Amino acid sequence: MKRTFDLLALMLFGFIFATVIAGYVERDSLSALAQYYLEAVPRDLGAQNVVTGILITYRGFDTLGEVAVLFMVAASVGILLASGAGERPDEVGRDAAAGPSELVISGAEVILPMIFLFGAYVILNGHLSAGGGFQGGAVVASGVMLLLIARPSTLVNHGFLSVTESLAGVVYVTLGILGIVFAGGFLDSHIMPRGELGAFISAGAIPVISALLGIKVGAELSVVIDRFRS
Amino acid sequence: MGLPVSHILLATGFLLVLIGLWGLLTHRNILRIIIGFSLIDTGLHIVMVASGYVTGGTAPIADKALPIGEATLRAVDPVPSALVVTAIVIGFSVTAVMLAFAIRLYDAKKTLSIDAFTESKW
């Protein structure tokens with residue numbers, strides 16, 4: 001009986017989606033806003049990647065709020081999972097069969113440095129090509145996850161991570177306030193020279209903010225992953 | 001040419017949403033419900049990206065392959081892509097909090113089946 005209702009609800013949703021797809025006409029021109037962004041980001045900000053330009057400068061305040069959401073999640077997951085202190089099972093007592101296999105350990109030794117290097121590359125390449133702080137931070141955190149799977153005894157230093165993360169946040173907000181003082185507004189990237197389009201050091205403050213974002217996101221995600229381990 | 005790209009993307013995204021919804025409705029295990037939620041999330045991201053596709057468009061990155069002057073003619077809409085980055089982060093956050101609650105619920109009842117959690121049922 002319940003299955004029938006589930007199926008009915010699903011079919012109704014499917015019908016709505018099907019009408020949406022059938023009625024959708026693929027766009028053949030851009031909206032005025034998109035055209036403005038596509039012209040202004042390379043010319044005015046000096047960033048090749050338009051999406052990064054939008055995220056870090058035009059919607060910079062929104063991105064700051066997003067990082068605050070991530071911070072809140074790291075904190076709330078910590079509160080939720082740490083309240084039952086003392087009931088943490090003794091990891092040493094587990095038998096060897098539950099540990100990671102030889103493949104995982106050796107694989108992690110080979111690809112872990114490459115994952116971290118790739119994460120740093122993605123973070124610092126955000127203004128030039130596909131990439132940016134969030135994506136690179138997620139890559140770094142996935143490396144941390146592999147490390148924790150391959151070596152379950154690794155202790156993550158929460159104090160160091162939270163200090164790094166807070167420092168990155170403080171510098172991020174300071175850059176934003178410098179934008180009010182020296183340029184057009186909060187988080188305006190014109191406080192640093194625009195440079196040449198396509199050069200590694202270019203696009204004003206965007207690479208700096210991107211790096212700070214990457215550090216913050218990487219640290220926060222690592223903390224979240226480590227909280228789930230215990 | 002066959003089907004337009006954005007229609008394929010829309011169909012894929014909505015199909016993922018439907019699969020996730022089916023998982024939400026039929027499974028009793030909290031972890032499976034969370035997986036269903038993640039599928040809905042991913043499907044909606046694909047739908048959002050699909051809505052920014054412009055026929056024949058390429059990635060909005062102004063490099064050698066896409067000179068600045070041509071960007072407005074050949075690039076896809078960058079605004080939905082920027083929004084999806086935000087949506088992915090929020091989706092991750094919600095999933096993380098849900099998983100933390102699932103662990104707490106398991107500690108309380110030693111089971112993950114939602115049939116065991118009857119206190120807040122109306």
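Here is a tour that goes from one chain to the place where two chains meet.

A quick word first: this is a predicted model, where local features need pLDDT of at least 70, side-chain atom pairs count only at pLDDT 80 or more, and totals for chains, interfaces and linings use all residues. Residues are numbered from 1 along each chain as its sequence is written, chains are lettered from A and ligands numbered from 1 in the order in which they are written, and side-chain values use heavy atoms, with hydrogens and water left out.

Select residues 6-26, 33-54 and 82-103 of chain B: an unreviewed UniProt entry lists them under "transmembrane region" (positions are in the numbering used here, the feature name is shortened, and annotations may be inferred rather than shown by experiment). Zoom in on 6-26 of chain B, which is 100% helix and 0% strand, with its end C-alpha atoms 30 Å apart. Then try 82-103 of chain B: again 100% helix and 0% strand, with 33 Å between the end C-alpha atoms. (Helices are DSSP runs of H or I, at least four residues; strands are runs of E, at least two.)

Now show both chains. Here 54 residues of chain A are in contact (heavy atoms within 4.5 Å) with 49 residues of chain B. About 4400 Å² is buried between chain A and chain B, 73% of it on carbon and sulfur atoms; that is accessible area (1.4 Å probe) lost on being put together, summed over both parts.

How many salt bridges does the rule find across the interface of chain A and chain B? It finds 0, counting a side-chain nitrogen of Lys or Arg within 4 Å of a carboxyl oxygen of Asp or Glu.

Finally, colour α1(A): it gives the largest share of the side of chain A that touches chain B, 11 residues.

Methods
Buried area = accessible area lost by both parts, 1.4 Å probe.
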